[in-house]
Amino acid sequence: MSTSFEEQKHKLLSSEAVDQSKKGSWDAPILPLLTYINGLPNYVSTSSCSGRTALFAEAEEQRKQSGNWLYVTHGLADADELLRVCQSEVPKHDTAMFKFEPFVLHVLCRDLPSAQSLLQVAVAAGFKNSGLSVGKKKVVAAVRATMRLEVPLAHHGCLAVDDKYLQWVVDLANQKMTENIARIDRFFAAVKQAFPIADSECSPAEAAAAAAAPASTAAAA
């Protein structure tokens, strides 16, 4: 598995799209974390998201996967900006869902013991929904949380909530984002303690250079 792992890691880090998510690149809030992990000899990230608050909409004739991200932030959401987007964009779509999605990270591991070690670190940092996917040729650790939020805001092109409700759900999402950021910080600290950088096979600068992909649009964020 080691030879196969080395080949896959090189391919992933040398690809123009260093992240296999739709965005194709690493989110800025987790760039230091991913740089560190990819500098370790037993791991390479495959896909990730630092966490996002978003407004997702679709026209009546569209399927969900072909909908539009009308508003996306990887930081704290702005209720006034969200309201502006709702007023200008919602009438063009059939439905609109307000979402908070927490940090998620998939890491290809050299072997099962390496994956189990990373999983233990993730769970201890608060990512209780983390797990492993074990195949014949690869082992992937998924670092996940359960802090999701999803509420409908509009139907048939009409905003179904008032400003106070919108502010309330934004406040809820921001509370979750604040906790999400704290968990990422705990996870990063635990990773550095469990896997010292002295074990790195490439420098943080080299790993960061592999993340230099074009900025994404809201549709791929």
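A polar contact of 2.6 Å joins the side chains of arginine 52 and glutamate 101; such a contact is a pair of N or O atoms within 3.5 Å, one able to donate a hydrogen and the other to accept it, and residues adjacent in sequence count only if both atoms are side-chain atoms. The model is predicted: local features need pLDDT of at least 70, side-chain atom pairs count only at pLDDT 80 or more, and totals for chains, interfaces and linings use all residues. Residues are numbered from 1 along each chain as its sequence is written, and side-chain values use heavy atoms, with hydrogens and water left out. Arginine 52 lies in strand E2. Its relative accessible area is 13%, so arginine 52 counts as buried (under 20% relative accessible area; exposed is over 50%, partly exposed in between; 1.4 Å probe, protein chains only).

The chain contains 6 helices and 9 strands. These are DSSP runs numbered from the N terminus, with helices (H or I) of at least four residues and strands (E) of at least two. Of the 221 residues, 48% are buried. The accessible surface comes to about 11000 Å², computed by the Shrake-Rupley method with a 1.4 Å probe. Carbon and sulfur atoms account for 54% of this surface. Among contacts between residues at least 6 apart in sequence, 73% join residues at least 24 apart; contact means heavy atoms within 4.5 Å.

Helix H3 spans residues 79–89, and Ala79, Leu82, Leu83, Val85 and Cys86 are buried in it. Seen down the axis of H3, these buried residues fall within an arc of 160°, so they line one face of the helix. The arc is taken from the directions from the helix axis to the C-beta atoms. Asp80 and Gln87, on the other side of H3, are exposed. The cover over the buried residues of H3 includes strands E2 (52–58), E3 (68–73), E4 (95–101), E8 (149–155) and E9 (158–159), together with helix H5 (163–194). Aspartate 78 caps the N-terminal end of H3. One of its side-chain oxygens lies 2.8 Å from the backbone nitrogen of aspartate 80.

The largest nonpolar core has 59 residues. A core of this kind is a set of buried Ala, Val, Leu, Ile, Met, Phe, Trp, Tyr and Cys residues joined through side-chain atoms within 4.5 Å. Leu55, Phe98, Phe103, Phe127, Phe187 and Val191 touch the most other members. H5 gives the most to this core, with 9 residues. In soluble globular proteins, nonpolar side chains tend to be buried together. Beyond its neighbours within four places in sequence, phenylalanine 98 is in contact with residues including Leu55, Leu82, Leu149, Val151, Leu153, Val169 and Ala173.

The structure holds 0 disulfides (a disulfide is a pair of cysteine sulfur atoms within 2.5 Å). Cysteine 86 is buried at 3% relative accessibility. Cysteine 109 is also buried, with a relative accessible area of 1%.

Serine 48 lies in strand E1 (residues 43–49). Serine 48 is buried, at 8% relative accessibility. Neighbours within four places in sequence aside, serine 48 is in contact with Asp19, Ser21, Trp26, Ile30, Leu34, Val104 and Leu105.

Histidine 156 lies in the loop between E8 and E9. Its relative accessible area is 53%, and histidine 156 is exposed. Phi of histidine 156 is near 55°, a positive value in a residue other than glycine. Most residues other than glycine have a negative phi.
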